[in-house]
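Please examine the sequence and the model first, and then read the points below, which are grouped by topic.

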Amino acid sequence: MSLQVTSQPKVIYLKDYQVPAFLIDHTQLHFELLADYTQVTATLSLCRNPESTQKNADLFLHGDKDLTLLSLAVDGELLTASAYLHDDKGLTLSDLDDKFSLEIITKIYPDENTALEGLYRSGGMYCTQCEAEGFRRITFFQDRPDVMSVYDTTLSADKTLYPILLSNGNLVDSGDSAEGRHFATWHDPHPKPAYLFALVAGDLANIEAPFTTMSGREVSLKVFADAKDLDKLDYAMQSLIKSMRWDEEVYGREYDLDVFNIVAVDFFNMGAMENKGLNIFNTSCVLAHPETTTDASYQRVEAIVAHEYFHNWSGNRVTCRDWFQLSLKEGFTVFRDSQFSADMNSSTVKRIEDVRLLRTAQFSEDAGPMAHAIRPASFIEISNFYTLTVYEKGAEVVRMLHTLLGADKFREGSDLYFERHDGQAVTTDDFISAMQDVSGRDLSQFKNWYNQAGTPVLKVTDEYDEISQCYQIHITQSCPATAGQSEKLPFHMPFSLGLLDASGSDIELDGGTTSLLELTQPSQSFSFNHIKTKPVPSLMRGFSAPVKLEYAYSPEQLMFLISHDSDGFNRWEASQKLAADIILDLVKRLQSGTQLSLDSCLIDAYRAVLTDKSLDKAMISQVLTLPSEQYLAQLSEVVDVANIHKARKFVRVELAVALENEFLETYQSARLIATKYDPSAPSIAKRALQNLSLSYLMALHQESYLELSLTQYREADNMTDSMAALALVAHSGFEQAAQTLLGDFYQKWQDDTLVVNQWFSVQASDPKEGTLARVVKLMEHSAYDAVNPNKVRSLVASFCMQNPVNFHAEDGSGYVFLADQILSLDKSNPQLAARLIGPLSKWKSYGDARAQQIREQLSRILDSGKLSADVYEVVSKSLA
Ligand code: B3K
Ligand code: ZN
């Protein structure tokens with residue numbers, strides 16, 4: 001977060017990067033955690049940076065305007081106020097020696113910190129969040145990632161209230177002091193940027209496990225949380241152990257401290273943070289127990305624990321030179337965690353989930369006013385760039401390198417990258433150079449992915465000549481203009497192609513089932529000889545590049561691919577395309593007032609999949625899940641929210657009518673497999689198919705299926721099944737049953753804040769009319785807390801992002817509501833406020849009337865005067 005601004009805040013450009021004028025070799029911190037405030041003493045060893053050309057430069061230390069400076073001393077000499085410049089951005093010191101020490105004493109007020117950046121209190125505990133620029137809210141510092149320092153940190157606090165005192169690195173000293181206080185000193189030998197600094201002080205319980213690294217280092221692993229959550233930590237610990245082993249086996253990366261600590265906190269702006277040796281997690285991403293946690297959340301815990309752990313190398317040992325390079329650590333680490341999740345679970349399902357997220361949310365970001373390259377050229381507030389583009393598209397870009405180079409060369413490249421840059425702050429170019437050096441390939445064109453925003457579009461046509469038995473495929477690529485980039489250069493990307501013969505088998509290509517084509521030109525053609533009959537192409541297998549693909553598949557071809565493609569991802573893809581084409585056609589019919597009917601081909605395809613006993617249950621559920629309203633919106637030029645909702649609902653009901661027996665049988669046989677809950681892939685798949693079948697049955701709106709849901713709810717021994725039943729009943733239109741069940745659920749789980757958040761979400765995402773009024777009422781509920789980000793996400797964000805038909809209500813009430821929330825949140829937590837603007841910034845896609853309503857709300861926000869830089873940047877760019 002940055003200062004409240006009234007005038008236009010400053011834009012920062014990548015091209016203006018300069019090395020720091022000074023280096024800080026060593027940072028010693030002392031935190032006196034007191035009841036009313038915290039006193040921070042920072043002792044810094046500074047020297048001029050030999051790489052800087054500014055030999056007599058001033059020293060500038062970032063410092064938030066709310067920091068109270070108590071004293072400043074250079075080499076032990078106290079400075080008077082006239083000896084330095086102190087403004088609301090920081091401190092400037094002049095006439096300095098080449099080497100000196102600086103002691104800075106500041107006072108901060110963690111209890112007043114609602115922005116949740118820097119040091120704050122979450123419930124009864126102190127914790128920190130310093131990425132990206134939160135350290136400057138703790139003390140004055142060169143708060144930029146290319147200043148890496150060795151830290152020694154001492155915490156001193158009341159021993160009864162805060163028996164646990166943690167920081168980065170290894171514990172080197174601890175003991176009691178006067179007046180019931182105690183202290184702990186931590187030493188982190190690995191130089192790190194300030195954004196990786198962390199401390200925790202609280203009354204916490206923990207579990208512990210040993211880990212022996214591949215070279216025999218003994219590490220003590222601990223996961224800490226509030227004592228009431230002690231029984232919910234085992235899964236995070238298992239996930240951590242699996243991640244550590246996996247990173248050794250797959251990337252050769254070993255852990256490097258004697259301890260690894262994870263702490264769960266309830267107030268957190270995002271999922272988790274990879275602070276060196278002391279990861280801090282949002283409770284929602286670390287706590288797991290069968291009774292309170294759904295399968296989706298179990299998988300999220302495993303993935304996020306892995307992600308933060310993997311940052312120990314991709315991010316911490318090798319970090320970013322500046323924040324424009326964010327995707328260097330985030331894109332690579334998301335790629336690593338998705339490889340890990342694919343290895344631990346079903347790789348096809350993981351790929352489907354990743355692509356679903358990318359295509360629904362990242363593509364829409366890339367098509368909107370905030371579109372930016374994965375290495376942006378400028379920003380106002382870096383917090384606004386922790387985006388799906390930097391993370392998910394960034395991971396796709398790394399994935400393409402993996403595909404182009406092959407797994408072995410990619411591993412050699414990553415080894416070289418880590419070896420060459422260990423302990424350094426580097427750029428995405430350095431990453432590409434390592435990949436280039438090991439492979440001998442010219443990756444200069446590939447770098448366009450780092451510099452150009454927007455989703456490329458591939459238009460594919462093909463032809464087959466029976467006489468010459470030649471099959472040709474023609475591919476053109478283009479990329480729409482985005483803000484500040486009207487012309488785009490062609491991208492270098494892998495294009496995986498399979499060709500199916502009439503029996504559905506793969507035709508041999510390049511000695512295998514799939515040919516890896518490389519696209520580099522605006523337009524390219526590829527020929528395949530000895531193709532005996534006209535093939536059905538399986539395009540971009542595994543979604544080999546993050547692009548939109550246009551090819552005129554017939555429904556028959558899609559049905560053929562659904563039943564035969566050897567690439568699981570493309571079987572799913574064909575099912576999505578078939579369903580999306582049908583639903584969007586129905587939207588057109590609704591618009592023209594034509595009678596609706598469902599083409600039998602979707603029913604036939606669904607029946608075949610549902611009754612195919614050879615298919616993996618997880619795949620069946622994925623294939624039979626209709627494209628979401630959000631994805632259908634993404635495919636529409638002008639989004640007709642209400643008719644998309646209607647058409648999709650119509651298809652669901654028709655499918656349920658036609659396949660009622662099959663769904664019922666699938667449901668009942670899944671219910672018969674009564675095993676104790678476990679979050680393994682086969683068990684998750686069983687529950688997914690069971691609950692998907694139940695959801696189709698509930699679409700029939702029959703009392704008997706309501707009973708089935710109520711029975712499942714009553715008998716469930718796990719949150720996945722009880723939450724699925726609750727959501728189905730709550731959204732069913734059986735109003736009395738819905739209210740009774742929601743009431744019962746709350747009674748049962750009122751003491752578990754994460755479960756109550758799910759209860760809020762279920763209600764906020766109800767597509768029925770009147771949901772906004774209920775959301776507004778729920779904001780008065782005693783379990784709601786407007787300064788807890790998890791609560792805001794579960795109610796406000798769920799309504800605005802998971803409930804399109806209500807959010808985009810014709811009267812514009814959803815937009816007014818969201819603008820009100822943004823304005824009020826901006827005062828306490830600008831980062832969170834800015835994240836909520838997304839649904840308003842896509843106004844261009846919603847037709848003239850809605851566009852005008854949304855723009856009015858955006859203007860109302862902009863005109864309100866005192867905005868944070870966070871909100872200012874997104875709103876002003878959205879209106880531009
Ligand atoms: N690196 C953090 C995100 C920090 C967000 C700061 N606004 C978590 C992660 O990506 O692993
Ligand atoms: Zn990350």
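Ligand 1 is surrounded by 13 residues, of which the closest are E131, A272, E274, E308 and Y391; a residue is counted here if one of its heavy atoms lies within 4 Å of the molecule. The model is predicted, so local features need pLDDT of at least 70 and side-chain atom pairs count only at pLDDT 80 or more, while totals for chains, interfaces and linings use all residues. Residues are numbered from 1 along each chain as its sequence is written, chains are lettered from A and ligands numbered from 1 in the order in which they are written, and side-chain values use heavy atoms, with hydrogens and water left out.

**Contacts of ligand 1**

- A polar side-chain atom of E274 lies 2.8 Å from a nitrogen atom of ligand 1; a polar contact is a pair of N or O atoms within 3.5 Å, and within protein one must be able to donate a hydrogen and the other to accept it, with residues adjacent in sequence counted only if both atoms are side-chain atoms.
- E308 places a polar side-chain atom 2.8 Å from an oxygen atom of ligand 1.
- An N or O atom in the side chain of E330 is 3.0 Å from an oxygen atom of ligand 1.

**The zinc site**

- The zinc ion (ligand 2) is coordinated by H307 through NE2, H311 through NE2 and E330 through OE, at 1.9 to 2.0 Å.
- Donors are N, O and S atoms within 2.8 Å of the metal (3.2 Å for Na, K and Ca), and sites may look incomplete because water is not among the atoms.
- Along the chain, the donors of the zinc ion follow the spacing H-x3-H-x18-E.
- H307 in helix α2 (residues 295-310) and E330 in helix α3 (residues 326-344) are 23 residues apart, and this pair links distant parts of the chain.
- Helices (H or I, at least four residues) and strands (E, at least two) are DSSP runs, numbered from the N terminus.
- H307 is buried, with a relative accessible area of 7%, and E330 is likewise buried at 1%.
- Buried means under 20% relative accessible area, exposed means over 50%, and partly exposed lies in between (1.4 Å probe, protein chains only).

**Cavities**

- The model holds three cavities of 30 Å³ or more.
- On a 1 Å grid over the protein atoms alone, a cavity is a set of points where a 1.4 Å probe fits but cannot get out, and its lining residues have an atom within 4 Å of a point.
- Grid points are joined across faces, edges and corners, and a volume is the space filled by probe spheres set on the points.
- The largest cavity contains about 80 Å³ of space, and its lining is formed by V334, F335, S338, R351, D354, L358, E392, A395, E396 and R399.
- Helices α3, α4 (347-366) and α5 (388-405) each supply at least two residues of this lining, with α5 giving the most, four residues.
- The lining of the largest cavity divides into four nonpolar, one polar and five charged residues.
- Ala, Val, Leu, Ile, Met, Phe, Trp, Tyr, Cys and Pro count as nonpolar, Asp, Glu, Lys and Arg as charged, and the others, Gly among them, as polar.
- The second largest cavity has a volume of about 50 Å³, and among the residues that line it are A730, E735, Q739 and L742.
- Helix α19 (residues 735-749) gives the most to the lining of the second largest cavity, with three residues.
- Two nonpolar, two polar and four charged residues make up the lining of the second largest cavity.

**Backbone features**

- The peptide bond from E131 to A132 is cis, with omega near 0°, and A132 is found in the loop between β12 (125-129) and β13 (149-158).
- D75 is not a glycine, yet has a positive phi of about 45°; D75 is in the loop between β6 (68-74) and β7 (77-78) and is partly exposed at 44% relative accessibility.
- H701 is also not a glycine and has a positive phi of about 55°; H701 is in the loop between α16 (681-698) and α17 (703-715) and is partly exposed at 40%.

**Buried helical residues**

- Helix α28 (residues 869-879) is mostly covered, with ten of its eleven residues buried, including Y872, E873 and L879.
- S575 is in helix α10 (residues 568-591) and is buried, with a relative accessible area of 2%.
- S575 and A605 are 30 residues apart in sequence and 8.1 Å apart in space, C-alpha to C-alpha.

Conventions
On a 1 Å grid over the protein atoms alone, a cavity is a set of points where a 1.4 Å probe fits but cannot get out, and a pocket is an open set with protein on both sides within 12 Å along at least five of seven lines; lining residues have an atom within 4 Å of a point.
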